[in-house]
Amino acid sequence: MRASVLSKTLSVSVLALVLAACGQQKTDTPAAASGASQPAAAGAEKKEIVFGTTVGDFGDMVKDQIKPALEKKGYQVKLVEFTDYVRPNLALAEGELDINIFQHKPYLDDFKKEHKLDLTEVFQVPTAPLGLYPGKLKKLDEVKDGTSVSAPNDPSNFARALVMLNELGWVKLKDGINPLTASKNDIAENSKNIKIVELEAAQLPRSRADVDFAVVNGNYAMSSGMKLTETLFQEPSFAYVNWAAVKTADKDSKWVKDVTEAYNSAEFKAYAQKKFAGYKYPESWGMNAAAGAKAEAASTAAASGASAAK
């Protein structure tokens, strides 16, 4: 696959800033954020599950489908929504959450290695692709010398943005580089003098008023009311379908199996394919999952092109 992530260490200063902002997280239950979810005693059956997601589609999936399905099985479900990509993994490791859903596997692998966290991915979820959206400029062929493009500033997603710009021909990355470690230093040519503006992912939708184009993470695009039909270019890779993560000690527990079953149920699949058309679906949904998502993406791209041509 051509898209990639950047495995680079988050600086202590950036981490401190993000952690300072974690008060922006919200919960559907007052006790969810403050009360840590303690592991069930040996042999005891767990009755409460605390989910952590980023704001938007992943939280909607829990509220619309997963919570009701698990409540039918006798569980109590709480949801904590975050506005950054750092706190959800730390909160999971610290026991404030039982499970989080917001990240692709390369990001999780890099994060848990850097912070020495014992976390494990357990199942995939429908994921909106990274996309290039119009800002001040509305068409790809309007790109010009000095064009500004906002992009996510966390290393893994910034690398994906660089690969997208390379695929568009707006920059050229060095030959032979490892795409998993791509960075600004790997730009060989920037003939259009593209100005890449690095921002927190949650700020990217709003940045469109100030830049020519914006590379926006799918979940933040959707939560901001943006549509996949607005994208001018979508990341082609299926390497970044997001995963649910749990503490490794919990991965074989009954409650994790019940959550996995809910996310792979016929009811959830039907809901996701209707509400999140154009998303990339879990590989476990079958051989047609990737092909179906690709067809949806092609359809939305065609619709976008037709709309732009008017």
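**Rings and charges in a predicted model**

Let me start with R160, whose charged end sits over the ring of Y240, 4.2 Å from its centre; a charge counts as over a ring if NZ of Lys or CZ of Arg is within 6 Å of the ring centre and within 35 degrees of the ring normal. K46 likewise lies over the face of W255, at 5.7 Å from the ring centre.

Before I go on, this is a predicted model, in which local features need pLDDT of at least 70 and side-chain atom pairs count only at pLDDT 80 or more, while totals for chains, interfaces and linings use all residues. Residues are numbered from 1 along each chain as its sequence is written, and side-chain values use heavy atoms, with hydrogens and water left out.

Turning to the rings, a search of the whole structure finds 13 aromatic pairs, meaning rings of Phe, Tyr and Trp (its six-membered ring) with centres within 6.5 Å, where planes under 30 degrees apart are stacked, over 60 edge-to-face and the rest tilted. F268 and Y271 form a tilted pair, 5.8 Å centre to centre with 45° between the planes, and both residues are buried, that is, under 20% relative accessible area with a 1.4 Å probe, protein chains only. Because F268 and Y271 are three residues apart in helix α10 (residues 266-275), about one helical turn separates them; helices here are DSSP runs of H or I, at least four residues, numbered from the N terminus.

Y281 and W285 have ring centres 5.6 Å apart and planes at 20°, so this pair is stacked, and both of these residues are buried as well. Finally, ring pairs link F123, Y263, F268, Y271, F276, Y279, Y281 and W285 into a cluster.

Note on methods
Helices (H or I, at least four residues) and strands (E, at least two) are DSSP runs, numbered from the N terminus. Buried means under 20% relative accessible area, exposed over 50%, partly exposed in between (1.4 Å probe, protein chains only).
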